[in-house]
Amino acid sequence: MGDSDIGELRVSLRRQRHMRAMFLLLSALGFGFALISLRVANSQRAFEIVYRRIVTGETLPNAFIERMARRGDEEGSCDGDAKLAVALIELKLVEASLAQGRDVPVEEHLRRARSNVIGQIACSPTNGFAWFVLFWSEVVSGTLTNSAWAHLGASYRFAPREAWVALSRLPHVANLWSLIPTDQRRLVLDDFEMLLNEGYISQCARLYAFASPDLMSGMAGRLMKAPEARKLQFNAALASYDVDPVSTETGGRQTELLRQNLRDLSEALTK
């Protein structure tokens, strides 16, 4: 083998070594990126699971949601519902602290809640539930300004017929009925009617039973539009509360029949 052949062989071997090194480097980078992506995905999935559990009304231990809130400071992605989950977690901490009289920095939790929900809205501006959470953060902080009602309006605009949003939204706004602007009260009743028609009978009955007289009157007006079978189901669910049942055609016929029977009995006794 001549000197030129040896030189070419050396060059070829160096190229192979460089290629192997480059391949190993790219493999390592790809593996590292996969690990990071998996970690981020798992983190987001964890927040989304907590988010769904909070939305469905599940009570979570304070220590757990405090730990999740600390993890939330590391989240910066628009993927998933991580920011919204953190906002809900922070608000839950505030509500739990106020209910238990705990000495915690409520203002800091509120600040982080608002920061995260605003971040979520920046990522998905048509998320009706996020707009509701922003509204509720202002309720919790005691700042019911015109902007707060505008945020509630945005929630109705972007999620007008989403039952899972209404199930969270309606109980909260029902407690604020006397404060709600007149032009938004129709939207509250729309939520009630939609949930009733979707079959959430027990939830609607409970809201009706504990509503203010004015709100109860508005709900009764929407109940009158419901089919007779739905009204009878509603009255059955209402039976556990000390509240008068809603009027139904069947109930009216039964009452009139009872009255007629009593009249017939009275006439028979007097003959």
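This report covers the nonpolar core, the aromatic pairs and the salt bridges of a predicted model.

## Nonpolar core

The largest nonpolar core holds 56 residues. Six of them touch the most other members: V133, F135, W136, V173, M219 and F234. Helix 5, residues 128–140, gives the most to this core, with 10 residues.

M219 has contacts beyond its sequence neighbours. Leaving out residues up to four places away in sequence, M219 touches L189, F192, L207, Y208 and A211.

## Aromatic pairs

The count of aromatic pairs comes to seven. One of them joins F135 and W149. Their rings are tilted, with 40° between the planes and 5.5 Å centre to centre. F135 lies in helix 5 and W149 in helix 6 (residues 146–158), so the pair ties together parts that are 14 residues apart in sequence. F135 and W149 are both buried.

Y208 and F234 form an aromatic pair that is edge-to-face. The centres lie 5.4 Å apart, and the angle between the planes is 85°. This pair links distant parts of the chain. Y208 sits in helix 9 (residues 201–209) and F234 in helix 11 (residues 228–238), 26 residues apart. Y208 is buried, and F234 is buried too.

## Ring cluster and a charge over a ring

Ring pairs also build a cluster. Its members are F129, F132, F135, W136, W149 and W164. Elsewhere, R157 lies over the face of F158. The distance from the ring centre is 5.0 Å.

## Salt bridges within a helix

The structure holds 10 salt bridges. In one of them, R111 meets E108 at 2.6 Å, N to O. Both residues lie in helix 4 (residues 106–123), three residues apart, about one turn of the helix. R111 is partly exposed, at 46% relative accessible area. E108 is also partly exposed, at 30%.

K231 and E228 form another salt bridge, at 3.2 Å, N to O. Both lie in helix 11, again three residues apart, about one turn of the helix. K231 has a relative accessible area of 7%, so this residue counts as buried. Salt bridges that share partners join E90, E108, R111 and R112 into one network.

The side chains of D190 and R222 meet in a salt bridge of 2.8 Å, N to O. The pair links distant parts of the chain, 32 residues apart. D190 belongs to helix 8 (residues 182–197), and R222 to helix 10 (residues 213–223). D190 is partly exposed, at 27% relative accessibility. R222 is buried, with a relative accessible area of 12%.

How values were computed: Residues are numbered from 1 along each chain as its sequence is written. This is a predicted model: local features need pLDDT of at least 70, side-chain atom pairs count only at pLDDT 80 or more; totals for chains, interfaces and linings use all residues. Side-chain values use heavy atoms; hydrogens and water are left out. A nonpolar core is a set of buried Ala, Val, Leu, Ile, Met, Phe, Trp, Tyr and Cys residues joined through side-chain atoms within 4.5 Å. Buried means under 20% relative accessible area, exposed over 50%, partly exposed in between (1.4 Å probe, protein chains only). Helices (H or I, at least four residues) and strands (E, at least two) are DSSP runs, numbered from the N terminus. Contact means heavy atoms within 4.5 Å. Rings of Phe, Tyr and Trp (its six-membered ring) pair if their centres lie within 6.5 Å; planes under 30 degrees apart count as stacked, over 60 as edge-to-face and the rest as tilted. A charge sits over a ring if NZ of Lys or CZ of Arg is within 6 Å of the ring centre and within 35 degrees of the ring normal. A salt bridge is a side-chain nitrogen of Lys or Arg within 4 Å of a carboxyl oxygen of Asp or Glu.
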